[in-house]
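Dear colleague,

I am handing over the structure we talked about, and my notes on its charged side chains follow directly below it. Please read them alongside the coordinates.

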Amino acid sequence: MNTFLSEKNRAVRRSVRAFCEREIMPIAGEIDREARFPWEVIEMMGKLGYFGIQVPKKLGGSGMDSLSCVITIEEISRACGSLGLCVTVHNSVAVYPIMAFGSETQKKRWIPPLARGEKIGAFCLTEPNAGSDAAGVEATAIRNKKGYLVNANKVFVTNGGVADICLIFARTDPDAGRRGISVVVAERGTPGFVVGDLEDLCGMRANPVTSIRLYDCKIPAENLLGEEGTGFQIGIMALDTGRIGIAAQAVGIAQAALEESARYANQRQQFGVSIGKHQSIQAMLADMATELEAARLMVYRAALLRDQGKHFSRASAMAKLYASEAASRITDMAVQIHGGYGYSKSYPVERYYRDARVTRIYEGTSEIHQMVIAREVLKDYAK
Amino acid sequence: MALHIIVCIKSVVTKAPENGIIRSAETAEMNLFDRPALESAIALVEREGGTVTALSMGPKSCAFVLHEAIAMGADRGVLLSDPRLGDSDTLATSKALGAAIKKLEPYDIVLFGTRTYDSDTGQVGPQTAVSLDIPLVTGVSSLNYEKPLLRVERKVDGFREEYNLSLPAALTVHPASVKPRDIPLSGIEEAFEKKKIETWTLNDLSLDPKLVGKKGSPTEVLSMKKMTRERKCEFLEGTLEEQAEVLIERIKETGLIT
């Protein structure tokens with residue numbers, strides 16, 4: 001299995017898994033029930049470098065490759081989807097765009113505390129009227145002498161309740177369509193920066209997903225990321241990377257569901273034998289394991305392409321589409337194998353089922369991914 | 001002079017082999033009982049200064065345990081790897097490790113886990129100490145360097161024993177004595193990408209090849225299979241008092257109480 005993983009990759013898996021099994025797994029059910037963000041664990045994760053996985057060492061990060069990064073996210077998600085979400089969003093769509101588009105001064109200012117997990121990052125694109133149609137952003141950043149006057153209503157912000165450094169997508173030119181969007185970095189505590197109530201979500205409940213609103217927020221000009229009008233491009237590039245992370249998260253959740261189901265199928269007796277002896281349960285386990293492995297290979301391939309500096313956008317879209325859909329099917333079968341107990345909060349599979357569901361929605365819905373992939377396929381064969 | 005601590009670590013097989021014992025990164029991992037020894041060494045060097053050398057014996061595919069030791073905080077990794085060392089039992093292994101440790105001189109402390117979780121003989125630490133002719137304390141729960149002596153504590157059979165040891169000395173470290181640190185990602189990156197593991201063969205040691213491998217081993221492992229434990233579930237009947245009586249009888253039968 002996964003023979004192309006290096007010994008370093010395997011060491012990453014072993015060490016992250018050992019940490020997650022000891023510190024996260026025992027509390028995953030509780031923090032889901034209580035919708036609590038476990039700062040005590042986050043602090044430990046920060047010290048182990050999970051918040052700056054690909055950040056160079058000189059800026060306080062771990063300096064690792066994409067493959068090690070997705071393995072880390074996969075293992076955290078195997079223990080707890082909500083924390084996997086926190087880590088992938090922080091690394092891929094908050095830290096990475098600053099690394100890729102930020103000036104040296106911006107990187108020195110924002111990256112070290114983010115990489116150490118002392119500050120949490122968030123990506124604020126979605127608005128009530130701009131979801132899949134990302135170019136429909138209505139937030140505004142009006143340039144004046146001192147900087148920008150920003151008004152924004154951002155919803156479903158992952159890490160919103162705890163984020164210190166937020167990438168805000170706002171319109172600097174109201175008439176320029178997608179070329180009128182820019183990214184400004186808003187820091188918590190800036191006057192006019194308001195964190196909304198915690199969203200009461202179906203899954204990912206230990207992640208403080210909130211809205212973030214900026215009311216006449218004065219953001220200094222030096223907080224502009226990249227150039228004016230490049231926001232859409234920054235968003236697309238961040239999401240290309242982010243999608244590999246979300247796909248890894250789906251793989252981690254599905255892995256947990258498969259393990260729990262196989263254990264249960266060995267142990268649960270019906271008709272005088274363990275249910276794993278029944279062909280219908282075997283068929284489900286076989287499909288779960290096969291789909292999971294296919295998803296994992298797609299995710300690793302996308303990460304490897306990124307590490308090799310090759311075009312990975314299509315591979316990442318395919319990995320995200322397939323892994324999220326597979327995770328939904330796998331966790332659904334996990335509930336089915338557990339029967340009534342699978343529908344009960346006494347067993348973890350109902351949490352996996354709820355957590356997996358959203359991977360088909362955020363960072364681009366499955367339907368948007370189908371559209372993107374189809375467009376590329378059609379282009380390949382156009383005359 | 002700064003301390004030089006050598007920690008002997010083993011890669012243990014995690015999967016019962018089908019055709020012979022094959023150690024690779026897929027089927028092996030660092031012996032869990034060696035982690036507290038490594039932690040004790042790294043912590044002592046952090047307090048007192050010095051260096052930690054991790055030493056292992058096995059096929060080249062086991063170098064990863066040394067990378068992992070470096071990721072955790074060791075300074076240097078040495079792998080003793082030679083086909084002639086294959087099939088060494090604990091005595092032959094101890095002789096080979098002893099010869100490698102001599103080559104690492106000068107050293108102050110040699111640490112071992114109390115045992116391995118794939119064979120559980122607990123012999124290699126004590127035998128290596130004998131081969132080096134240095135003092136040994138087993139199952140140590142704490143160690144402090146009080147120049148020029150090492151003060152160690154050992155809890156056993158309801159007693160707490162304290163020892164002063166002159167150096168160099170060998171210790172086996174009790175698995176519950178310290179909590180091994182988690183390995184940071186940056187440590188893994190550094191260890192695997194930047195640090196080289198030194199590989200030694202028998203040619204690098206002053207050791208007669210006849211003393212190791214199959215020839216040098218008075219014992220031989222004939223087979224290794226995964227064991228499945230039979231579990232029985234029994235329901236006791238009667239009133240609570242009657243059930244308690246039967247339960248006591250059952251426990252007595254096992255010899256746990258008299």
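B:E39 counts as buried, at 9% relative accessibility, where buried means under 20% relative accessible area, exposed over 50% and partly exposed in between (1.4 Å probe, protein chains only). B:E39 is paired in a salt bridge with B:R181, and the closest N and O atoms of the two are 2.8 Å apart; the term stands for a side-chain nitrogen of Lys or Arg within 4 Å of a carboxyl oxygen of Asp or Glu. This pair links distant parts of the chain, 142 residues apart, with B:E39 in helix 1 of chain B and B:R181 in the loop between strand 10 (169-173) and helix 5 (185-194) of chain B. Helices (H or I, at least four residues) and strands (E, at least two) are DSSP runs, numbered from the N terminus. B:R181 is partly exposed, with a relative accessible area of 26%.

This is a predicted model, in which local features need pLDDT of at least 70 and side-chain atom pairs count only at pLDDT 80 or more, while totals for chains, interfaces and linings use all residues. Residues are numbered from 1 along each chain as its sequence is written, chains are lettered from A and ligands numbered from 1 in the order in which they are written, and side-chain values use heavy atoms, with hydrogens and water left out.

A second salt bridge in chain B joins B:R35 to B:E68, with the closest N and O atoms 3.0 Å apart. B:R35 lies in helix 1 (residues 34-48) and B:E68 in helix 2 (residues 63-72) of chain B, so the pair ties together parts that are 33 residues apart in sequence. Both partners count as buried, B:R35 at 18% relative accessibility and B:E68 at 3%.

In chain A, the salt bridge between A:D200 and A:R205 has its closest N and O atoms 2.9 Å apart; A:D200 is exposed, with a relative accessible area of 66%, whereas A:R205 is partly exposed, at 23%. A network of salt bridges links A:R13, A:R17, A:E21, A:E74, A:E75, A:R78, A:E259, A:E293 and A:R296. Over all chains, a search of the whole structure finds 45 salt bridges.

Finally, A:P348 lies in the loop between helix 8 (313-338) and helix 9 (349-357) of chain A and is partly exposed, with a relative accessible area of 21%. A:P348 and A:V335 are 13 residues apart in sequence and 9.4 Å apart in space, C-alpha to C-alpha.
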